[in-house]
Amino acid sequence: MKAFQDYLLALVVLISPVAYAQVPQIKIIENKKGVIKDIVSLKSLNIDVHVVGNIASTVMTMTFENKGSRILEGELTFPMPDGVSISSYALDINGKMRQAVPVEKEKATEVFESIERQRVDPGLLEKVEGNNFRTRIYPFPAGGSRTIQIGYEQELVANEGHTLTYRLPLDYNYAIPQFSLKTTVSQSSQIPLLKEQPDGSFSFKANGNTYTASMERSNFLPKHNLVISLPKAKNSIETLMQPAENSFYFLSNVYLSGPARLHSWGKNVGLIWDVSLSGLKRDTQKEIALLDAFIKEQKNLTITLGLLNNTFKTEGVYVINDGNWEALRNKLEHLVYDGGADYSKINNKQFKAAEHLFFTDGFSGFGAATVALEQPIYTINTAVTADYSNMKLISAHCGGKFLNLSELSVAEAAKQLNTDELHFMGIKQNDAITELYPANPVPVNGFISISGISSAANTSLTLLFGYGTTISLEKKVVLNAAEQDAGSVQVHKIWAQKKLSEMDVHYDQNKDEIAGLGRQFGIVTRNTSLLVLENVSDYIRYNISPPQELRDEYDSIRKQVRFAAADAKKDLLANALNMSEELKKWWNTDFSVKKKYPKTADQVRFPPPVVREEAVSVRSEGSQNRQMNRVSSTSSLQEVVVTGYGDVLAKRVSGVNVTVSNPKSPEIIIPKFKSDKAYMSKISGTPAQAYQQYLLIRKAYLYTPSFYLDLANWFYDQKDEERGLMILSNLTELELENSDIYKTLAYKLKQNGNATAQLFASNKVKLWRPMEAQSYRDYALALADCGKYQEALDMLYSVLTKGYTAETGQRDQGIEEIILTEINNLVQLHGAKLNTSKINPKYIQPLPVDVRVVLNWNKNDTDIDLWVTDPNGEKCFYSHRETETGGRISNDFTGGYGPEQFMIKKAIKGKYTIQVNYYGDQQISVSGATTVMAEIYTHYGSKLQQRKVITLQLSGKKESGVLVGEFSY
């Protein structure tokens, strides 16, 4: 029997838009109704901060209380400063805090999701795009609480006045029942200054050169953030050393006053302004203030403005005289932020200038993150959630500069724009020093922090500074382990973070080494996560080394019992060979056509079809042209061209205009899926008028995926594809690394014939979910839609050769039938251009059929069935897999993503009905209800092959017999 767990809710953490630490404010979105409820709240918060030199270690212990009556899963996504990564994570298990262990990201995700289904206590912390982190916790018991602990080490950067600043946001909008804060500043030669404090009573007490401040409050609502300033003497040097196996990790902070020179700006400047939806999270007023300071310094300029979202458009050339830029300022202050970002749209042909200012957050969710400009680019960021590595890479590629305006003042950023700063160039040769970071030249704004490994306890190194390739300044640093003990400071983790930050700029080249560093130092990276499991048996089962507290029990059990590793990989080739023979036998079977007569009492009856929202597009295989079907407001079915049996259908289908065409090309009738959401009643008039109405109501649905799907469909129906695509591309701006949303996006792009964007979206899912066959299949089919048939064939075959865990293999059993069908289709249609030498000839056999229907869906742990009813009234579905006329349906997927397919070699005359039966899902996601995509092929595997794609979002409730479409022969 198919189960549907409806007790799970999604837990969403909203982050306040301030730099450095995160403010854990939690709200709930209930999947069924999409209603936000204050079910979970922060019960207690304990923060411990320890500053030594320029290193601040912060540990936040948070207890969240579930006031509801249902079990919850928690998901907390929060940004971290540039170069900072999470280095410790713990979760309460049976009343005690258990430390997480580093695990490869792909494996950690698989293990977490597997154990989660058992309703026990896993915890996962992973890095998502940019320098952002996400923790997933399950379960939050009804009426109970969970505690998590997160720790990180952070380098404090000095400003021009040689002052370090530590910031801890405390801008909560509600009182915290139990709050405590402790801050310790050790080995400080000067008294730390409190620029901001929570309630006016927080103050430091001195004990030698150590300063401590603490507070405990009940029902506490902080009035201010915590901001600590640590003055440093000019031209001073601070060094810490930590012993480690015949060597020492060291960290040196150098405060220097070096000469700077004015930057010579040309008169033609390009201004690239990111107007994608995420721009709403930027501090655009601060960005405009920086522009104001820059223009007043330069006075006379010609600025070409380019606006970037899913497109890139030149929006005018502005001539600035004597610093007067009111026209440009007015333009920037009234911009509309909408759509996803696609950096690849920026190019030299459209946009030319001597140098460019690029205001963005570093995310290019709708296209490649590369910028095709050769002139210097100054990337400028004010967003808390940002991709620092990408912005640095863009600037470094062409000799520009990255300015993190979220940390700099406007005056400091303006000075950096208008000066060529002294650069740290490296060190003089010293055989005792290895692995020094930064390894590449970096600008110095009165401060530089370097870290490396020394084989000697006592040595010195000479730092080199200059402009370009010319050395103009040297600075000597003395390393003495006896005098520079790091104490509790984990210098090795600071060194590792520096190395990781530098390697992350070129992630693809360094990903293996990044993974190794993450595992060794217990630091979360793009491909290393921190995982907490409940039972020792789980660590053994999944072959994961446990934390120290469980090590003895783990070793003891492993000695006594031999366990088979649960993550042993196995490919699908053996099953594929058996399936190939089964398909061949079915295809060669002669299903004689028998005349059927109407049934009476024993006739199988089905519930009336449910018509859901969505627009539908039609296109022939390989064509990039889009034709949008139209329907009147009173018609439930679209006007279509029906081939061969127009007279019959004209009598049967009310409200449908039927055109009779060539009888050799059957056509498909698809319902007009219209949204019944309340906001759709507010959209009317011309597309221009409707767009303004959309902007007015968008605030209430800013992060609701179905809202953008519905509105995109409306504009596509009005033949306004430009606005339709822009609104659809907003899906990339809603949540970091959400594969459910990107699958939905790929489905819609496939339906609308935008193959290039479909390929990009499918590749994102493949990168995020590399453990699943469906990720590779979707990407392969997108390659085929782009005309890259050899790559598509190779990728499809890799689905069969890739190793999967036993659990995943069992869940996806039967996918071999779909993959083999699609491999043979490529060979049939494009065989002359394909190299099939790597594929076993036993897998290749022609399988042309009159009709093929494929059903895909975007959510894991989802139970959906494909139903196809033939003209005789015989339904082909999971419990009746073959019909008398030769119809065949693939294996029933009760979990995972499917897909399921129906095929019939020789279709009999009459009408076929395609329906979806939705049993439910176990998802705990804010991506909305399950989205399904049906691909309907006629003459599949022949030169006459045609395809229609239908994408629709289900209601989120159990639905029986949702009508997808009809076709007739």
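pLDDT is the predictor's confidence in each residue, on a scale from 0 to 100. You need that here, as this is a predicted model. Color by it and select residues 27-36: the pLDDT stays under 50 there, and the model has 32 contacts for this stretch beyond four places in sequence. Where pLDDT is low, the predicted coordinates should not be read in detail. Residues 1-25 are another stretch below 50, with 105 contacts in the model beyond near neighbours in sequence.

Next up, a sheet. Select the strands in the order β8-β7-β12-β5-β4-β14-β17-β16 and you have an open sheet of 8 strands with mixed pairing. At the edges stand β8 (96-99) and β16 (205-207); each has a single partner strand, so one side of each has no neighbour in the sheet. On average, neighbouring strands here are turned by 20° against each other, direction ignored.

Show Lys 205 and you'll find Thr 212 of β17 opposite.

What does α6 lie across? The answer is β5 (55-66), β7 (86-93) and β12 (145-155), and α6 runs at about 80° to β12.

Jump to Arg 282, in the loop between β22 (268-274) and α2 (284-298). Is Arg 282 buried or exposed? Its relative accessibility is 6%, so Arg 282 counts as buried, the cut-off being under 20%. Show what Arg 282 touches, leaving out residues up to four places away in sequence: among them are Trp 273, Asp 274, Glu 287, Tyr 337, Phe 359 and Asp 361.

On to helix α18 (residues 789-801). Its 13 residues reach 18 Å from first C-alpha to last, close to the 18 Å expected at 1.5 Å a residue. An α-helix has 3.6 residues a turn, so residues three or four places apart point the same way.

Last stop: cysteines. Cys 398 counts as buried because its relative accessibility is 10%, and Cys 876 counts as buried at 0%.

Note on methods:
Residues numbered from 1 in each chain as written. Predicted model: local features only at pLDDT ≥ 70, side-chain atom pairs only at ≥ 80, totals over all residues. Heavy atoms only, no water. Helix = DSSP H or I, 4+ residues; strand = E, 2+ residues; numbered from the N terminus. Expected span 1.5 Å × (residues − 1). Buried < 20%, exposed > 50% of the residue type's maximum accessible area, 1.4 Å probe, protein only. Contact = heavy atoms within 4.5 Å. Pairing = 2+ DSSP bridges. Axes fitted to C-alpha atoms, helices over the stretch in contact; angles between N-to-C directions.
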